Amino acid sequence: SEAQRRSFGSSLEEFVISCKFNQVRCNLSTQFTWYYDGFFGNCYRFNLGDKSAVLSSTKSGKMNGLRLKLYLAQAPDM
């Protein structure tokens with residue numbers, strides 16, 4: 001089931017430390033969509049929630065577009 005698949009991996013809130021798009025803080029619950037991939041597990045798409053309000057960036061540079069800071073936990077060596 002979807003609930004079981006979600007429980008196998010991390011939630012978006014667990015590994016996104018910060019998210020900004022064009023210098024505005026992202027809304028994790030509305031701007032990201034969860035899906036399950038058989039190889040990668042839990043995956044998230046950005047900017048697919050509201051098709052009438054698709055975000056776009058017209059400026060380049062490190063302060064524009066999608067900026068993510070992620071916590072990537074590493075399992076200890078066994």
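Reply: Arg6 counts as partly exposed because its relative accessibility is 38%, where buried means under 20% relative accessible area, exposed over 50%, and partly exposed in between (1.4 Å probe, protein chains only). The model is predicted, so local features need pLDDT of at least 70 and side-chain atom pairs count only at pLDDT 80 or more, while totals for chains, interfaces and linings use all residues. Residues are numbered from 1 along each chain as its sequence is written, and side-chain values use heavy atoms, with hydrogens and water left out.

The partner of Arg6 is Glu2: the two form a salt bridge, with their closest N and O atoms 3.1 Å apart. A salt bridge here is a side-chain nitrogen of Lys or Arg within 4 Å of a carboxyl oxygen of Asp or Glu, and one is counted by this rule. Because Arg6 and Glu2 lie four residues apart in helix H1 (residues 2–7), about one helical turn separates them; helices (H or I, at least four residues) and strands (E, at least two) are DSSP runs, numbered from the N terminus. Glu2, with a relative accessible area of 46%, is likewise partly exposed.

Other positive charges gather in a surface patch made up of Lys20, Arg25, Lys62, Arg67 and Lys69. Patch members have over 30% relative accessible area and no salt bridge, and like charges are joined within 9 Å. Within this group, Arg25 belongs to strand S2 (residues 24–25) and is exposed because its relative accessibility is 67%. Lys62 sits in the loop between strand S4 (41–46) and strand S5 (66–70); a relative accessibility of 72% is why Lys62 also counts as exposed. In sequence, Lys62 stands 39 residues from Gln23, yet their C-alpha atoms are 10.0 Å apart in space.

The cysteines complete the picture. A disulfide is a covalent bond between the sulfur atoms of two cysteines. Cys19 and Cys26 are its two ends, with an S to S distance of 2.1 Å. The angle about the S-S bond is -60 degrees, and the link is left-handed. Cys19 counts as buried because its relative accessibility is 7%, and Cys26 is buried with a relative accessible area of 10%. Cys43 is buried too, its relative accessible area being 13%.

Notes
Patches are made of residues with over 30% relative accessible area and no salt bridge: like charges are joined within 9 Å, nonpolar side chains (Val, Leu, Ile, Met, Phe, Trp, Tyr) within 5 Å. Accessible areas come from the Shrake-Rupley method with a 1.4 Å probe; for residues, only the protein chains shown count as cover. Lys and Arg count as positive and Asp and Glu as negative; His and the chain ends are not counted. The place of a charge is taken as NZ of Lys, CZ of Arg, CG of Asp or CD of Glu. A disulfide is a pair of cysteine sulfur atoms within 2.5 Å.
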